[in-house]
Amino acid sequence: MSDTFKAILVSRDAEKKQSVEIVDLTEADLMEGDVTVAVEATTVNYKDGLAITGKAPVVRRWPLVPGIDFAGTVISSSHADWRKGDKVILNGWGVGETHYGAYAGRARVKGDWLVPLPDGMSPHDAMAVGTAGYTAMLAVMALERHGIVPDRGPVVVTGAAGGVGSVAISILSTLGYHVVASTGRNAESPYLIDLGAAEVISRDELSQPAKPLGKERWAGGVDSVGTHTLANVLSMTSYGGAIAACGLAGGMDLPTSVAPFILRGVSLLGIDSVMAPKPVRLEAWRRIGADLDLKKLSTLSRAIGFDGIIGAARDIVDGKIRGRVVVDM
Ligand code: NDP
């Protein structure tokens with residue numbers, strides 16, 4: 001008889017009403033793939049919150065095991081790059097959306113989707129970074145490619161106390177940038193300063209409808225919020241600057257004008273972590289290993305067990321989670 005393991009399963013009934021339960025699965029229940037991994041750590045991302053609560057159509061196959069990222073050890077592999085015992089990380093590729101995901105003791109995926117766990121990092125550390133942190137690194141790399149180096153001026157990080165925001169602040173400050181952190185939770189100022197923010201501003205400063213152009217306040221930025229916040233961030237970006245757009249925690253619209261683009265040469269850099277090609281992922285994880293202070297990682301993350309996932313998923317869509325939540329399986 002095969003070993004069973006616990007998994008979270010989201011299902012939909014004939015009226016399309018969504019439910020979530022904890023079930024026992026065996027390896028025979030997993031979807032196709034050429035590598036089977038024992039999941040040792042995972043995390044709760046905003047997208048996982050949307051998948052579990054059903055607040056946005058993240059799940060596109062029913063029923064589904066959610067969970068968009070994990071770190072663990074290969075149990076079996078028919079893929080040329082991976083052998084039993086290898087330590088691996090998975091982010092995205094539709095896992096936890098169309099393919100059974102991380103919230104199970106085991107996951108079967110395509111070997112092409114996996115990257116090696118960086119030296120010196122545990123599965124727990126990798127998931128303290130998680131998809132949010134890897135996305136923050138992609139955003140920083142995009143700013144660098146655009147020439148936004150620390151000497152160009154301050155950089156703004158919106159949704160600062162969230163996962164993407166916290167890791168972005170940590171990386172940018174370690175690299176020497178003057179970081180302006182925008183948060184709706186003023187009580188989190190000491191936490192943000194601890195991570196490396198040089199200034200903390202209230203999210204209210206950026207949440208009203210934006211003027212076409214505002215006072216030039218920053219050379220670059222990492223935005224997780226979208227909508228009026230991103231529009232204001234763009235209108236306050238200095239000549240030739242660039243903003244990396246990662247998220248939609250405030251909304252999916254972008255009520256802006258072309259003024260920042262055509263009058264100040266500002267660029268809007270799109271960041272997608274889900275389908276990012278493997279060389280970009282390998283570089284992002286290499287940079288995380290090099291540029292992210294592991295001590296700060298422990299400040300910005302807290303650990304929960306498997307049984308805490310559903311509660312944390314509800315909290316993250318309500319904007320109640322600070323930094324990153326790591327699930328030790
Ligand atoms: P979190 O929930 O951890 O952080 C989001 C933060 O946004 C919150 O902590 C809060 O920060 C702020 N926020 C929440 N609601 C609002 C609101 N209504 N108005 C203004 N600010 C708000 O999520 P993550 O950091 O994990 O993800 C952030 C965003 O990035 C999400 O939209 C997610 O889907 C997206 N994302 C995109 C990826 C990609 O590939 N492009 C990959 C990973 C994430 P504070 O309290 O400090 O104001």
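**Exercises on helix packing, domains and the ligand shell**

Helix 1 and helix 9 (residues 309-317) pack with their axes 8 Å apart and at an angle of about 110°. This is a predicted model, in which local features need pLDDT of at least 70, side-chain atom pairs count only at pLDDT 80 or more, and totals for chains, interfaces and linings use all residues. Residues are numbered from 1 along each chain as its sequence is written.

**Exercise 1.** Classify the packing of helix 1 and helix 9, and list the residues in contact.

Step 1. Helices are DSSP runs of H or I with at least four residues, strands are runs of E with at least two, and both are numbered from the N terminus. Axes are lines fitted to C-alpha atoms, for helices over the stretch in contact, and angles run from 0 to 180 degrees between N-to-C directions.

Step 2. Angles under 35 degrees count as roughly parallel, over 145 as roughly antiparallel, 65 to 115 as roughly perpendicular and the rest as oblique. Helix 1 and helix 9 are therefore roughly perpendicular.

Step 3. Contact means C-beta atoms, placed from the backbone, within 7 Å. From helix 1, Tyr-46, Asp-48, Gly-49, Leu-50, Ile-52 and Thr-53 meet Ile-310, Ala-313, Arg-314, Ile-316 and Val-317 of helix 9.

Step 4. This contact of helix 1 with helix 9 has 7 nonpolar, 2 polar and 2 charged residues. Ala, Val, Leu, Ile, Met, Phe, Trp, Tyr, Cys and Pro count as nonpolar, Asp, Glu, Lys and Arg as charged, and the others, Gly among them, as polar.

**Exercise 2.** Do likewise for helix 2 and helix 7 (residues 278-291).

Step 1. The axes of helix 2 and helix 7 lie 9 Å apart, at an angle of about 100°. The two helices, helix 2 and helix 7, are therefore roughly perpendicular to each other.

Step 2. Helix 2 contributes Val-129, Gly-133, Tyr-134, Met-137, Leu-138 and Met-141, and helix 7 contributes Ala-284, Trp-285, Arg-287 and Ile-288.

Step 3. By class, the contact of helix 2 with helix 7 has 8 nonpolar, 1 polar and 1 charged residues.

**Exercise 3.** Describe the domains and how they touch.

Step 1. The assignment gives domain 1 (4-117 + 298-328) and domain 2 (130-270); such bounds come from an automatic or database domain assignment.

Step 2. Taken over C-alpha atoms, the centres of domain 1 and domain 2 are 29 Å apart.

Step 3. In the contact, 12 residues of domain 1 face 15 residues of domain 2. The side of domain 1 that touches domain 2 has 3 nonpolar, 6 polar and 3 charged residues.

**Exercise 4.** Which residues are closest to the ligand, and which elements supply its shell?

Step 1. The ligand is surrounded by 32 residues, the closest being Gly-159, Ala-161, Gly-162, Gly-247 and Gly-250.

Step 2. Helix 1 (46-53), helix 2 (123-145) and helix 3 (163-174) each give two or more residues to the shell.

Step 3. Domain 1 and domain 2 each supply at least three residues of the shell, which divides into 13 nonpolar, 15 polar and 4 charged.

**Exercise 5.** Locate the cis peptide bond.

Step 1. The bond joins Trp-62 and Pro-63, with omega about -15°.

Step 2. Pro-63 lies in the loop between helix 1 and strand 4 (69-77).

Note on methods. A residue is near a molecule or strand if its C-beta atom, placed from the backbone, lies within 6 Å of it. Two residues are in contact if their C-beta atoms, placed from the backbone, lie within 7 Å.
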